[in-house]
Amino acid sequence: MKITQIAALGVAAFSMASTAHADHGGAGTGPDASGPITGLSARTSAKDSLAFGLDMAIATPDHRSNETLRSLAGKHIHAHDQNHSETYTLGASYGLGDNLSLSATLPVIRRIAIREGSHAHVSGVTTNSVIDRGDSQGLGDAALSVKWRFTGEHHHGWEAALLAGLKLPTGRTNVIDDQGERFEPEHQPGSGSWDPILGMALTRPLPRGSFSVSVVHQIALSGSQKTRLGDRSRISVSLTQRLIGPKIDYHGIRTVDAKKTAVDGLIELSGEREGRVREDGITDVYTGARAAFLSTGLRVGRGQWSVGINGSLPLSQHVRLSHSETASRLRLSFGRSF
């Protein structure tokens, strides 16, 4: 009897648009028949199965004061800050075969109350100020990906899978700020670039859950305004545990009784890296970041529906001066399988 796997129908295990220190749109990998929060599972959807998901994520930075932005501007570092960012992602996943899944994502991105330090020389007078640029919002970059499970038995041992995908330049790249100026590419909802995505995942089934390790890398190519945004990488170690509800079978998609409510707990440790921005061939040395996050969450499912909530807090961060550090992330997801 089919049931939506509680871990399966949140959108985009690898939702790059919610990467902590990036202000530009990114790619996701679609609803994933897996346990991780932000990582990948090696598991694939059953043949001819279809799933849809809606994911809503809020990322809040460790806010900088206007004085800090003015001070950085005085050092010719045009740093910025924002109130928060919101990402709403619609995803779909289809089982081309029992070992092959096709996924797609399409985000809408909102960056609220962007502020930026400015350094200017007027009539021999130097001024450092903060510009309120307003909100940047619109359709983000869609992504397509294929996951192939190439080894592992359903009933015992490790499963392994490869991921290959492409982020498409579908997002807006011409949003104008409150000053009548075009936002830089890192503030636009879309990047204007075609970015390859590569990844690998290992999953170990457990009696009432699963353990997964994954690595995913997004290669940033040249996009709008002659800008190449930094590459992105994420490595994740994740544990999913059934807390309440029916027994999980070998594939984790069917249960003994689909009429019962199931609750899964999740915990994940992830490391993230974002490369430096290159504009017209020149590298911005004040961009780029590395960070480690601890994420926890719950997923509740009944029948073919599921809902999940999770939060992430930084364990360590090394963020270059143009960006703010991350204070927290919160994500809410809904899913439906057919």
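**Pocket, helix and backbone: a briefing**

The largest pocket has a lining of 20 residues, and nearest its centre lie His-78, Glu-184, Glu-186, Glu-279 and Asp-284. Two elements give two or more residues each to that lining: β13 (278–279) and β14 (282–283). The model is predicted. Its protein chain has one helix and 17 strands.

**Largest pocket**
- The volume of the largest pocket is about 360 Å³.
- Its lining divides into six nonpolar, eight polar and six charged residues.

**Chain as a whole**
- The protein chain has 338 residues, and 54% of them are buried.
- The accessible surface of the chain is about 14,300 Å². Carbon and sulfur atoms account for 60% of that surface.
- Take the contacts in the chain with a separation of 6 or more: 69% of them join residues 24 or more positions apart.

**Helix α1**
- Helix α1 spans residues 66–74, and its buried residues are Leu-69, Leu-72 and Ala-73.
- These three lie on the same side of α1, because they cover an arc of only 105 degrees around the axis.
- An α-helix has 3.6 residues a turn, so residues three or four places apart point the same way.
- His-76 follows α1 and has a positive phi, near 65 degrees.

- Most residues other than glycine have a negative phi.
- Asp-48 is not a glycine, yet its phi is positive, about 70 degrees. Asp-48 sits in the segment before β1 (50–61).
- Asp-48 counts as partly exposed because its relative accessibility is 48%, and the exposed class begins over 50%.
- Ala-113 also has a positive phi, near 55 degrees, and is a residue other than glycine. Ala-113 is found within strand β4.
- With 33% relative accessibility, Ala-113 counts as partly exposed.

**Links between topics**

Methods
Residues numbered from 1 in each chain as written. Predicted model: local features only at pLDDT ≥ 70, side-chain atom pairs only at ≥ 80, totals over all residues. Heavy atoms only, no water. Buried < 20%, exposed > 50% of the residue type's maximum accessible area, 1.4 Å probe, protein only. Helix = DSSP H or I, 4+ residues; strand = E, 2+ residues; numbered from the N terminus. Arc of directions from axis to C-beta. Contact = heavy atoms within 4.5 Å. Areas by Shrake-Rupley, 256 points an atom, 1.4 Å probe, with all protein chains shown as cover. 1 Å grid on protein atoms, 1.4 Å probe; cavity = no way out; pocket = protein on both sides within 12 Å on 5 of 7 lines; lining within 4 Å. Points joined across faces, edges and corners; volume = space filled by probe spheres on them. Nonpolar A, V, L, I, M, F, W, Y, C, P; charged D, E, K, R; others polar.
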